[in-house]
Amino acid sequence: MGVKYMTLFLAFLINTFALAEPLEIEEAFKFTVQAEKNVIKISFMMNNGYYLYKEKFKFVVDGEIIESKIILWPLSENFDDPNFGLVQVFKKSDSLYLSIDNIEKKHTLVIYFQGCTQDGFCYIPFKKEISL
């Protein structure tokens, strides 16, 4: 009889503390973009327990890849990732800046990124397209 109650109690605990379902990617990682002069400011917001890989970011403006040397990155941190080993990640909301010529005309910005939860769920690489 004690085993039966112990089993029910363990089942209750597992159900109560089960890992939450990960958010949809557009809810987990949100972006806002501001363009002025020759700079595009990209702010990213994420929920606690989520992170973005620095190396997985790619920016394309009007079909041209923006070289990383003209990107002003926020501070990232080393992370020993179970999927990719030692990588640089962003674990908190922040902003980065892209240098671009002729910001007065209309542009299309495509942001490629990938992130994970600290519980081990990783999203597939994703792209977000924004008209400037």
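These legends describe close-up views of aromatic rings in a predicted model.

**View 1. Aromatic pairs and the ring cluster.** A pair of aromatic rings is described by the distance of the centres and the angle of the planes. The count for this model comes to 18 aromatic pairs. Ring pairs join Phe29, Phe31, Phe44, Tyr50, Phe57, Phe59, Trp73, Phe90, Phe113, Phe121, Tyr123 and Phe126 into a cluster.

**View 2. The pair of Phe31 and Phe113.** These two rings form a tilted aromatic pair, with 4.8 Å from centre to centre and 50° between the planes. Phe31 belongs to strand S1 (residues 29-36) and Phe113 to strand S10 (residues 108-113), so the pair ties together parts that are 82 residues apart in sequence. Phe31 has a relative accessibility of 10% and counts as buried. Phe113 also counts as buried, at 2%.

**View 3. The pair of Phe57 and Trp73.** Phe57 and Trp73 make a tilted aromatic pair: the centres are 6.0 Å apart, and the angle between the planes is 55°. Phe57 sits in the loop between strand S3 (50-53) and strand S4 (58-61). Trp73 sits in the loop between strand S6 (71-72) and strand S7 (77-81). The pair thus links distant parts of the chain, 16 residues apart. Phe57 is buried, with a relative accessible area of 8%, whereas Trp73 counts as partly exposed at 21% relative accessibility.

**View 4. Lysines over ring faces.** Lys56 lies over the face of Phe84, 4.5 Å from the ring centre. Lys58 lies over the face of Tyr112, at 4.7 Å from the centre of that ring.

Definitions and conventions. Residues numbered from 1 in each chain as written. Predicted model: local features only at pLDDT ≥ 70, side-chain atom pairs only at ≥ 80, totals over all residues. Heavy atoms only, no water. Phe/Tyr/Trp six-rings, centres within 6.5 Å; stacked < 30°, edge-to-face > 60°. Helix = DSSP H or I, 4+ residues; strand = E, 2+ residues; numbered from the N terminus. Buried < 20%, exposed > 50% of the residue type's maximum accessible area, 1.4 Å probe, protein only. Lys NZ or Arg CZ within 6 Å of the ring centre and 35° of its normal.
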